[in-house]
Amino acid sequence: TGKVEEAEKRFSHFKRWYDLTQQGIGIEKLKKAEISNALNSIENCEYLVAHTDLDGLMSAAILIKNLSALSKLDSKNKYRNLRLMNYGGNTLRDFTEQLEIPAEKSFVTVDFATHPDSALTIDHHATSLSFIELGAKLPPVVLDLTAPSCPHLIDQYFNLGLPKDLISNCNKIDGAQYQNLNETTDLSNPY
């Protein structure tokens with residue numbers, strides 16, 4: 001009977017943690033990154049972790065092109081060190097194994113759940129804490145849960161002045177803000 005009670009206790013703990021992260025509770029404890037520190041983390045990162053959706057891919061491209069992410073790497077290694085992630089793992093250990101980043105290397109996470117070893121996380125989702133376990137260190141963040149897309153957040157936070165059609169279309173796609181069904185399948189529009 002002790003094993004069943006222990007399993008129930010662990011499940012209750014997990015369920016409470018899961019519910020809180022899905023609601024974004026605890027997100028206010030994340031340390032907000034100063035712009036100069038955020039820029040330094042981006043310029044000096046050796047790996048860039050991004051979600052595989054348009055929001056994540058555009059965010060990674062913006063960080064590489066406009067903010068010099070991965071710039072210290074030669075062209076051969078630059079794109080090898082880009083980690084495109086999908087949600088699928090359930091634990092921090094799963095996430096860490098999927099990253100395949102050596103422990104001593106610095107990385108920035110964009111439009112994906114944060115990792116305790118990330119030098120910086122840029123996100124606009126309440127689920128940013130999905131893989132953080134109780135007691136884990138929390139990385140600095142550029143976080144705005146009201147931003148309609150991560151490119152929007154990056155543009156605003158770093159005052160980049162990116163093209164308005166790029167930002168509005170990223171907002172539309174990430175927020176599923178289509179006007180009608182035909183707009184979702186219109187292949188003449190790249191967005």
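Predicted model: local features only at pLDDT ≥ 70, side-chain atom pairs only at ≥ 80, totals over all residues.
Residues are numbered from 1 along each chain as its sequence is written, and side-chain values use heavy atoms, with hydrogens and water left out.

Ile42 is found in helix α2, and here helices (H or I, at least four residues) and strands (E, at least two) are DSSP runs numbered from the N terminus. Because its relative accessibility is 0%, Ile42 counts as buried; the scale is that buried means under 20% relative accessible area, exposed over 50%, and partly exposed in between, with a 1.4 Å probe and protein chains only. The C-alpha atoms of Ile42 and Leu63 are separated by 7.3 Å, although the two residues are 21 apart along the chain.

Now the chain as a whole. The protein chain has eight helices and five strands, and read along the sequence they follow the pattern α-α-β-α-α-β-α-β-β-β-α-α-α. Of the 191 residues, 39% are buried, and among contacts between residues at least 6 apart in sequence, 59% join residues at least 24 apart. The accessible surface comes to about 10900 Å², of which 52% belongs to carbon and sulfur atoms, areas being taken from the Shrake-Rupley method with a 1.4 Å probe and, for residues, only the protein chains shown counting as cover.

Turning to helix packing, how do α3 and α6 lie against each other? Helix α3 (residues 54-67) and helix α6 (residues 150-158) pack at an angle of about 30 degrees, with their axes 8 Å apart; the axes are lines fitted to C-alpha atoms, for helices over the stretch in contact, and angles run from 0 to 180 degrees between N-to-C directions. That makes α3 roughly parallel to α6, since angles under 35 degrees count as roughly parallel, over 145 as roughly antiparallel, 65 to 115 as roughly perpendicular and the rest as oblique. From α3 the contact is made by Asp55, Met58, Ser59, Ile62, Leu63 and Leu67, and from α6 by Cys150, Pro151, Ile154 and Phe158.

Finally, the structure holds three salt bridges, each a side-chain nitrogen of Lys or Arg within 4 Å of a carboxyl oxygen of Asp or Glu. In one of them, Lys105 and Glu46 meet at 3.3 Å, N to O, and that pair links distant parts of the chain, with Lys105 in the loop between α5 (92-99) and β3 (107-110) and Glu46 in the loop between α2 (35-44) and β1 (47-51), 59 residues apart. Lys105 counts as partly exposed at 30% relative accessibility, and Glu46 counts as partly exposed at 24%.

Glu97 forms a salt bridge with Arg93, the closest N and O atoms being 3.2 Å apart, and both lie in helix α5, four residues apart, about one turn of the helix. Glu97, at 48%, counts as partly exposed, whereas Arg93, at 62%, counts as exposed. There is also a salt bridge between the side chains of Lys137 and Asp117, at 3.9 Å, N to O.

Conventions:
Contact = heavy atoms within 4.5 Å.
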